[in-house]
Amino acid sequence: MKYDVLIIGSGGAGLTAALRAKEKGANILVVGETYPTRSQTCMAQGGINAALGNVENDSPEAHIADTLKSSGGIASERMIRQLCEDAPKSVHWLDSIGVPFSRTEDAKIAQRRLGGTSGIRACYSQDYTGLKILHTLYDQCMKEAIAFKNEYFLLDLCTENNQVTGAVFYNMRSGDTKTIHAKSIILATGGYSGLYYGYTTNTNQSTGDGIAAAFRAGARLSNMEFIQFHPTGLKNSGILISESARGAGGTLLNSHGERFVDELKPRDVVSRAIWEEMQKGEDVFLDIRHLGEAYIDENIPQERKLCLTYAGIDPVHEVIPIAPVAHYTMGGIAVDETLMSSIEGLFAVGECSNANVHGANRLGGNSLLEIVSFGRKAGENAAAFAQNVTDTITNTEQSAKTKAYIDALMEAPNEINFYQKRTRLGELCYQKAGIIKEASLLEDALHEVEAMTSQLHEMGLFDKGCTYNTNLIERIKFENTLTLAKPLLTAALKRKESRGAHFRKGYPVPDKAFEKVSICYTKKNTLIVDFKKVAS
Amino acid sequence: MKITIQRYCKHRDPHAIMAAYEVPIEECTLLEALYHIKAEVDPTLTFNSGCRSEVCGSCAMRINGKEKLACAYKLQEGDVVEPLSKVEIIKDLVVDHEAAQQTLRRVKSWLEKPAEPEQLTMEDEKRIEKQTDCILCSSCFSACPVLEVDGAFLGPFALTRAYRYTSDKRCTDEKNRIDAVQEKGVWDCTLCGECTAVCPQGIDPKNDIMMLRSKSAQYGYTDPAFANGGDDMFGGGFDPGF
């Protein structure tokens, strides 16, 4: 049995794609490593951009201009135009299926200003925008009787003559590997901030598993060096302290209690200023004490609660220790304007893809928009693609290969604790491939990643069980992060300029020669990184 | 700090055992302690987690008998950690949520027809704001004593979700929704409030169920305990409070 469209990932992008593909009459299945509603999407607080003009005058043109500016010249104007022009329609669609957006006094969808935008453009549901969109999408999926396989972890994609034919999964509950055949596949598996383990706002699940599987299958990746850092993660956990704390008048202080940057500058500028202080040996703190208890409890109660729970400090009386942490990955699977990757029939949408709309830096409020607007587009295009697939080729070779990989992993000696290596990889990426990148440090990091990769055969499992073996899943995830660290580090090394979220010491400004996207692929076991003008 | 965790494996006899662990961290959340044990002490310890900040609903478990999110709970000396109840345990602290989530299908927790955009007022939205904060962590399901005796009961989160949709101005078929919460639904609840007490999002399913009862009355439904002439008033699950 072959599905028309197999959707991998049950976050916002996957669920939207599923609803659209189903509407188009496709026979579909959604597979996820966790339950729908537990994905990264639920963490998005700020909002979803759409030039509705409900609060003040706005236009899709202004939205396009802001997005282009943020992208640093390496995004596709045509894709951005599609996204921004479709935005009001996407938000109205979400509204029509029941998303409880906050409202204005005159009964319109409320909007607020996020950083880097000229208009008041982000539609929101209090601080739970992602959560409420995700749950409403899930409710609609239940209404449409969409089939789910939960707690199936993606291992590999099957291809035949560069056309996707299915995917191999690990059934976490039974411990079996299972191949699911499909005429087309949509990857909606999220980003790779998890490489920065210990230094990210993301869930530990954000290990780019879909991107790594696509890369192994021969797909091209793009712009892997562009990582957005959020200036104010709590120092020891990376838990996000929202921009609203600075927006309300919170200041950043070094160990001497001195301010050192205009706190309202863009995320990358503030993150770099904090990083420079940290490099001087300073600790950096967010100070909201002067706002007063009443104001804090009324306007940013969530931030006080997070500080109490995760840092053990009360920001009404104490300064908050913070550090910039990895927040969003702009790079991912390179896709064309139909959202299809370099593998026929393999589509990618959301943070796992690079659809050339974020370029060198993502604008706040555009990620939720991308998963909904392009999620629908991916569902539609994949369904149409499947209609033209007539062959019934099923690749069983990959299933056997993947099964052998799992068997070997179960047998491998447990000489090296990969959890310690995971922590080390996080530190390494953060220290050497983070906010300010430098050739010698990137080279060091690359060598260490290669050394870790060569030790993988000694990083076996402690848990040999077949029921819900998270030791196994975490080991595979660690390997995926190593797989992705190489293109990330190599592209970062080659991009000798600073643009958007990518900052190279010694090359502090954008270089016209690099007004291009990076493309990574493997040729005869060698990693190739090319730079290519983006089709405008 | 010493804590005790219930370990569960269906391939072992007895399936469940209590295991003691020493956590050498002064101040941490339970989730951080679990990460530490898994990475440094025993990688077979199995649990779920996600966002680490109380919004994904993955890490609900019982701590000293009370449902909590592990990511939001500050570890205390002597804590006893067990998986959620009323659901099948898969391994250690991981449970199977599939059956519980089926209750959402039974109550038809969705808008049946696409609504015209921008119909809601601020007040309309506020009416469903709290209910839509639900993160589907199943804490309420685990705490519900009715589910202890009747596994077919719809349970708190599905009923809260049902109330959320019937209270949505965009809902076009309230009657169908109300019909769907009669069988093993609103009247089977004892209004004990355990669900409300454990909800990490401060949602009040007990109140939502009472609201659904009054909506049911508007559609001509009555409490079956009273409908039977009151004979089994005290056996029908509804405590009238006297």
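Chain B contains 10 helices and seven strands, and it belongs to a predicted model that scores ipTM 0.95 and pTM 0.96. Among the contacts in chain B that link residues at least 6 apart in sequence, 62% join residues at least 24 apart.

The confidence values for chain B have a mean pLDDT of 93, with 94% of the residues reaching 70 or more. Residues 230-242 of chain B, however, stay under 50 in pLDDT, and for this stretch the model has 15 contacts beyond four places in sequence.

B:Lys113 lies in the loop between helix H2 (98-106) and helix H3 (122-127) of chain B. B:Lys113 counts as exposed because 10 other C-beta atoms lie within 10 Å, where exposure is assigned at 12 or fewer. From B:Lys113 to B:Met211 the separation is 98 residues in sequence and 23 Å in space, taken from C-alpha to C-alpha.

**Strand S9 of chain A and its partners**

In chain A, strand S9 (residues 177-187) is mostly covered, since nine of its 11 residues are buried. Strand S9 of chain A pairs with strands S1, S8 and S16 of chain A, as the table sets out.

| Strand paired with S9(A) | Residues | Sense | Bridges |
|---|---|---|---|
| S1(A) | 2-8 | parallel | six |
| S8(A) | 163-171 | antiparallel | five |
| S16(A) | 346-348 | parallel | three |

Individual residues show how these strands are set against one another. In S9(A), A:Ile185 is the bridge partner of A:Leu6, while A:Thr179 in S9(A) is the bridge partner of A:Val168. A:Ile186, in turn, stands opposite A:Phe347 in S16(A). Strands S8(A) and S9(A) form a hairpin with five residues between the strands, and in this hairpin A:Gly175 takes a positive phi near 80°.

**A three-stranded sheet in chain A**

Chain A also has an open sheet of three strands, arranged in the order S3-S5-S4 with antiparallel pairing. Its edge strands are S3 (48-49) and S4 (111-112) of chain A, each of which pairs on one side only. Strand S3(A) and strand S5 (residues 122-123) of chain A pair in the antiparallel sense over two bridges, and A:Ile48 stands opposite A:Cys123 in S5(A).

**Two helices of chain A**

How do helices H12 and H13 of chain A run relative to each other? The axes of helix H12 (residues 418-432) and helix H13 (residues 439-454) of chain A come within 9 Å and cross at roughly 165°. Angles over 145 degrees count as roughly antiparallel, and H12(A) and H13(A) are therefore roughly antiparallel to each other. The contact between them is made by A:Lys421, A:Leu425, A:Leu428, A:Cys429 and A:Lys432 of H12(A), together with A:Leu441, A:Leu442, A:Asp444, A:Ala445, A:Glu448 and A:Met452 of H13(A). The crossing in which H12(A) passes H13(A) is left-handed.

How values were computed
Residues are numbered from 1 along each chain as its sequence is written. Chains are lettered from A and ligands numbered from 1 in the order in which they are written. This is a predicted model: local features need pLDDT of at least 70, side-chain atom pairs count only at pLDDT 80 or more; totals for chains, interfaces and linings use all residues. Two strands pair if DSSP finds at least two bridges between them. Helices (H or I, at least four residues) and strands (E, at least two) are DSSP runs, numbered from the N terminus. A residue is buried if 20 or more other C-beta atoms lie within 10 Å of its own, exposed if 12 or fewer, and partly exposed in between; C-beta atoms are placed from the backbone. Two residues are in contact if their C-beta atoms, placed from the backbone, lie within 7 Å. pLDDT is the predictor's confidence in each residue, from 0 to 100. Axes are lines fitted to C-alpha atoms, for helices over the stretch in contact, and angles run from 0 to 180 degrees between N-to-C directions. Angles under 35 degrees count as roughly parallel, over 145 as roughly antiparallel, 65 to 115 as roughly perpendicular and the rest as oblique. A crossing is left-handed if the near helix is turned anticlockwise from the far one by less than a right angle, and right-handed if clockwise.
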